[in-house]
There are 2 protein chains.
Amino acid sequence: MRAAVMRNDSLLVDDIPDPAPGPGEVLARVLACGICGSDLHFLRHGRQMVALGREMSAGAPGGGMSRLDLDRDVVMGHEFCCEVVGLGPGVTGVNEGDVVVSMPMVVKGTDFTDPTAIEAIGYSNTYPGGYSEALILSSMLAIAVPNGLDPRYAALTEPMAVGWHAVQKSGIKPGEAAVVLGAGPVGLAVIAGLRLVGIEPIVAADFSPTRRALALTMGAHEAVDPKSEPAVQAWQRIDGAKTLVIYEAVGVPGMIDQAMRDAPRGSRILVVGVCMEEDRVRPMIGIGKELTIQFALGYDPFEFASTLRNIAEGALDVQPLVTGEVGVAGVPQAFEDLAHPDLHAKILVEPALD
Amino acid sequence: MRAAVMRNDSLLVDDIPDPAPGPGEVLARVLACGICGSDLHFLRHGRQMVALGREMSAGAPGGGMSRLDLDRDVVMGHEFCCEVVGLGPGVTGVNEGDVVVSMPMVVKGTDFTDPTAIEAIGYSNTYPGGYSEALILSSMLAIAVPNGLDPRYAALTEPMAVGWHAVQKSGIKPGEAAVVLGAGPVGLAVIAGLRLVGIEPIVAADFSPTRRALALTMGAHEAVDPKSEPAVQAWQRIDGAKTLVIYEAVGVPGMIDQAMRDAPRGSRILVVGVCMEEDRVRPMIGIGKELTIQFALGYDPFEFASTLRNIAEGALDVQPLVTGEVGVAGVPQAFEDLAHPDLHAKILVEPALD
């Protein structure tokens, strides 16, 4: 089958062997798969991330990424919606023709506490991700897409769940205010999640006018260019009284320190932007203002499923986020395009377009 | 009066004008004043700290430190117990001869929300701290020392309140476990506070054998040399099951990153060690394990008062912490001695010893 392959730290389109479903697994045809900023990072910093995964698992056999071998092929893509086209042995509850989404992981065996029993779809040497014509899912993780929802919007379940989880993890409550630094896909998902909780005001900041417009569409009450007015200053202008939670969704070095410097005394900073590089902070600022920094990653199965439901029922309108659609052949160019944040939010890969 | 004066970024003993109490203030003779590690930091990094205070108050007239002028004299010392020897106009509720402690601040006027109305005793150009024969207190902040408690132990109210506040701020509950990195005065105060809450096990780590022995005396269940066994590893050996809170009480660059690397997934890190310098962290580690970093500073009036009561009633035995006593003339040498963490926990300045 045709796939966009990460090989020797670059991306190329090639034919790779068709995958075959094992026990409890299904073969699924990719209908749509979003390109995630993490994959752009991974293409550039993959070896560093694998090394960090190994340091964190401290010699023990760790979760997905620590076992990756980047001298072998990797097919990325973990924000997918698929149609089931083949069943492995012992599969029940899923049928050919079902349109499904799934958390991007395959569970091998039944010991969920064994990190080596989990393969991360899209960051694996054996399980291809969604930048391809087909992939393998764990049947027990597949969730049927309801309400005849367009598979292109169902594919946004994963990134929207990341934002929803960050909002949940921050513990923000109605009556508090939010500043969202960065209106890329993660920041936009956070804004949508904050709006669902009923937060007001939500102040977004991004250098890009396109992204500021998207932030307002997704529910921000104010969107500022940090060159003209820092986000916390804008919040002070329009509110300044409520308890503030700052969401850092940019993920480049320096952002955490900047958020700490601008944060009001006693406030919380939720870091959801993935900064791959070493970063500098001034702990004195955190101490002087007794700040809390909470890091957030991913989502749990309930957050994932409720995000799909919110999209299908119209509580989350993700349509504005889709700013581009390409076939598998278009993936390398799409990666180039996404380096310019002014042009895009989410580009979908749809193999049917090849 | 005689005082140890910070002048031109160094410490010398000199005669300075006797202070006089204004309205609502009292003149108090210093009985004992602990030397705080923050003062060692301040002597070395004072100008940097003042600059940071100004950056944090963003041009507005800020709290105590941002208004300091280090080209003028500063008398440090904020962990004191005194005897009231003179009353300013309008003072009620405090009498000459009372032995008192106080949070190290003077409130000028009645608008507590005005940061310029507060002078930090020990970090002020106008209010001398306790490395001197006498100082000025706000009568409303003075608390009588109960139970005939030795003023030398009452002077430890302030540093013990810092540890108690850190324990409270972390929200740790019985049934959870604690690792305390660093068994200097702050770490030892944290250990004592954890013991008061009923935490078990408490694992302390320090390079110094003297400080490890003190950690056990103050209530740690295990004290390890991190060169031989990292603290989190020791906790895994003797517990490894409970929810863990890590207290960072060293305050040198690299400690936060190290705590993040060693922390179990989902755990909390309470930073109470004051790192004055810029620090490097790897946000990816925080994200990968969804860590929470909470910074803590100082204490509130209730925590301060209850710490004095705990010392006076014997719930907190601070006697082992006093490892040296000097007169005002001995302060510069005591600062030198405290640079060697193996020799001391707390040195008290007692002007009566001159």
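Me: What makes the side chains of A:Arg268 and A:Glu176 a salt bridge?

Reply: The model is a predicted one. In it, the side chains of A:Arg268 and A:Glu176 come to 3.3 Å, N to O. The criterion asks for a side-chain nitrogen of Lys or Arg within 4 Å of a carboxyl oxygen of Asp or Glu, so the pair is called a salt bridge. The two partners belong to distant parts of the chain, 92 residues apart: A:Arg268 is in strand β14 (residues 268-271) of chain A, and A:Glu176 is in the loop between α3 (157-170) and β10 (177-181) of chain A.

Me: Why is A:Glu176 called buried, and why does A:Arg268 count as partly exposed?

Reply: A:Glu176 has a relative accessible area of 13%; buried means under 20%, so the label applies to A:Glu176. A:Arg268 has 21% relative accessibility.

Me: Why does the pair of A:Glu278 and B:Arg280 join two chains?

Reply: A:Glu278 forms a salt bridge with B:Arg280, with the closest N and O atoms 2.7 Å apart. A:Glu278 lies in the loop between β14 and β15 of chain A, whereas B:Arg280 lies in strand β15 of chain B, so the pair joins two chains. Both residues count as partly exposed: A:Glu278 has 42% relative accessibility and B:Arg280 has 41%.

Me: What makes B:Glu290 and A:Lys169 a salt bridge, and how many does the rule find across the interface?

Reply: The closest N and O atoms of B:Glu290 and A:Lys169 are 3.7 Å apart, which is within the 4 Å limit, so the pair qualifies. Across the interface of chain B and chain A the rule finds four salt bridges. The interface also has 15 residue pairs in polar contact, with both residues at pLDDT 80 or more. On the side of chain B that touches chain A, α8(B) gives the largest share, seven residues. By class, this side of chain B has 19 nonpolar, six polar and 10 charged residues.

Me: What joins strand β15 of chain A to β15(B)?

Reply: Three bridges join β15 (residues 279-281) of chain A to β15(B), and the strands run antiparallel. Pairing requires at least two bridges, so these strands count as paired. Within this arrangement, A:Asp279 stands opposite B:Val281.

Me: Why does A:Ser124 count as buried, and what does the side chain of A:Ser124 reach?

Reply: A:Ser124 has 3% relative accessibility; the limit for buried is under 20%, so the label applies. The residue is in the loop between β7 (118-120) and β8 (134-138) of chain A. The side chain of A:Ser124 reaches the backbone nitrogen of A:Thr126 at 2.9 Å.

Me: What makes A:Ser124 and A:Glu119 a polar contact?

Reply: The side chains of A:Ser124 and A:Glu119 meet at 2.7 Å. Leaving aside neighbours within four places in sequence, A:Ser124 is in contact with A:Leu68, A:Asp73, A:Val74 and A:Glu119.

Terms used: Residues numbered from 1 in each chain as written. Chains lettered and ligands numbered in written order. Predicted model: local features only at pLDDT ≥ 70, side-chain atom pairs only at ≥ 80, totals over all residues. Heavy atoms only, no water. Polar contact = N/O pair within 3.5 Å; in protein donor to acceptor, adjacent residues only side chain to side chain. Helix = DSSP H or I, 4+ residues; strand = E, 2+ residues; numbered from the N terminus. Nonpolar A, V, L, I, M, F, W, Y, C, P; charged D, E, K, R; others polar. Buried < 20%, exposed > 50% of the residue type's maximum accessible area, 1.4 Å probe, protein only. Contact = heavy atoms within 4.5 Å.
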